[in-house]
Amino acid sequence: MEMTEQDFTQLDLGIKQFKQLKQLYTSEQIDSIKTRQQKLWNKWKQLILAIYETRTSDDLAKPYIESWTNGWQLKGHFYATFKSPLRMKEATCISLLWNHQYLKIGVEWRPYKAATSPISVFTHNERLMIALKQIENDAAFAEAVCWISDRKEYDPFLKWKDHGSFCEEMKAGNGLGIGFVIEKQQIDEPESLLSRYLTLLEKLYRTNK
């Protein structure tokens, strides 16, 4: 399996809502668009499941894979999460997101899960900060980046060692995220690459408990 630059481009949807699409396209054209996007999503789904199925431990539960549509519009990105079987209700997770500009995998806080999470965003941040001390000199994380939970999807990322720049945001209740970003490009072996990143990020996720 490979991810091509054209695959990335296919996620660049100017119009997503079916109501608007119906004003511009025929039913046959809309069906073609839906079929195309669902085919790309199936590729994404197969990739995420392949990463899970090749794992040799049961530390992470079967991943949640968000649908390619919410019923009234197409998704401009695809999303999935991994969690420990013992931490399913937590808002902390290892997430993967694919949009037309980049592919991202990281440990992060999901704000929409906060209300039912047994830990708070402040606990999440505290634990992640402790975990980061353990990788401070780890060359495997040299290219890692950081972000904050209220960032807009296409805002720039910071190098992970610059996470202190988010100090005020974290005090205000925003969650810190740490991970890896692959900019739009041909990726010949995404399963191998993401599996390697997932293994690295488990170090942070395990400490974050």
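## Close-up views, one by one

**View 1. Gly 177 sits in strand β7 (residues 176-183).** This is a predicted model, so local features need pLDDT of at least 70 and side-chain atom pairs count only at pLDDT 80 or more, while totals for chains, interfaces and linings use all residues. Residues are numbered from 1 along each chain as its sequence is written, and side-chain values use heavy atoms, with hydrogens and water left out. Strands (E, at least two residues) and helices (H or I, at least four) are DSSP runs, numbered from the N terminus. Gly 177 counts as buried, at 0% relative accessibility. Here, buried means under 20% relative accessible area, exposed means over 50%, and partly exposed is in between (1.4 Å probe, protein chains only). What does Gly 177 touch, leaving out residues up to four places away in sequence? Its partners are Val 107, Glu 108, Val 145, Cys 146 and Trp 147, where contact means heavy atoms within 4.5 Å. Val 107 is 70 residues away along the chain, yet its C-alpha is 5.5 Å from that of Gly 177.

View 2. The 27 residues of α3 reach 38 Å from first C-alpha to last, close to the 39 Å expected at 1.5 Å a residue; the expected span is 1.5 Å times one less than the number of residues. In an α-helix, with its 3.6 residues a turn, residues three or four places apart point the same way. Buried residues of α3 include Ile 30, Ile 33, Gln 37, Leu 40, Trp 41 and Trp 44. A nonpolar core is a set of buried Ala, Val, Leu, Ile, Met, Phe, Trp, Tyr and Cys residues joined through side-chain atoms within 4.5 Å. The largest one has 52 residues, and Trp 44, Trp 98, Leu 103, Ile 105, Phe 141 and Leu 204 touch the most other members. A second, separate core has 7 residues, including Tyr 79, Tyr 102, Val 145 and Phe 157.

**View 3. Now for the aromatic rings: 8 pairs turn up across the whole structure.** Rings of Phe, Tyr and Trp (its six-membered ring) pair if their centres lie within 6.5 Å; planes under 30 degrees apart are stacked, over 60 edge-to-face, and the rest tilted. Take Tyr 102 and Phe 157: their ring centres are 5.3 Å apart and their planes are at 85 degrees, so this pair is edge-to-face. The pair links distant parts of the chain, with Tyr 102 in strand β4 (residues 102-109) and Phe 157 in the loop between β5 (145-148) and β6 (158-159). Both Tyr 102 and Phe 157 are buried. Elsewhere, ring pairs link Phe 8, Trp 44, Phe 78 and Trp 98 into a cluster.

**View 4. Arg 151 lies over the face of Phe 157.** The distance to the ring centre is 4.1 Å. A charge sits over a ring if NZ of Lys or CZ of Arg is within 6 Å of the ring centre and within 35 degrees of the ring normal. Arg 87 does likewise over the face of Tyr 205, at 4.1 Å from the ring centre.

**View 5. Which cysteine sulfur is closest to that of Cys 93?** It belongs to Cys 146, but at 17 Å it is too far for a bond. The structure holds 0 disulfides, a disulfide being a pair of cysteine sulfur atoms within 2.5 Å. Cys 93 is buried, at 1% relative accessibility. Cys 167 is in no disulfide either, with the nearest cysteine sulfur, that of Cys 146, 13 Å away. Cys 167 is partly exposed, at 33% relative accessibility.
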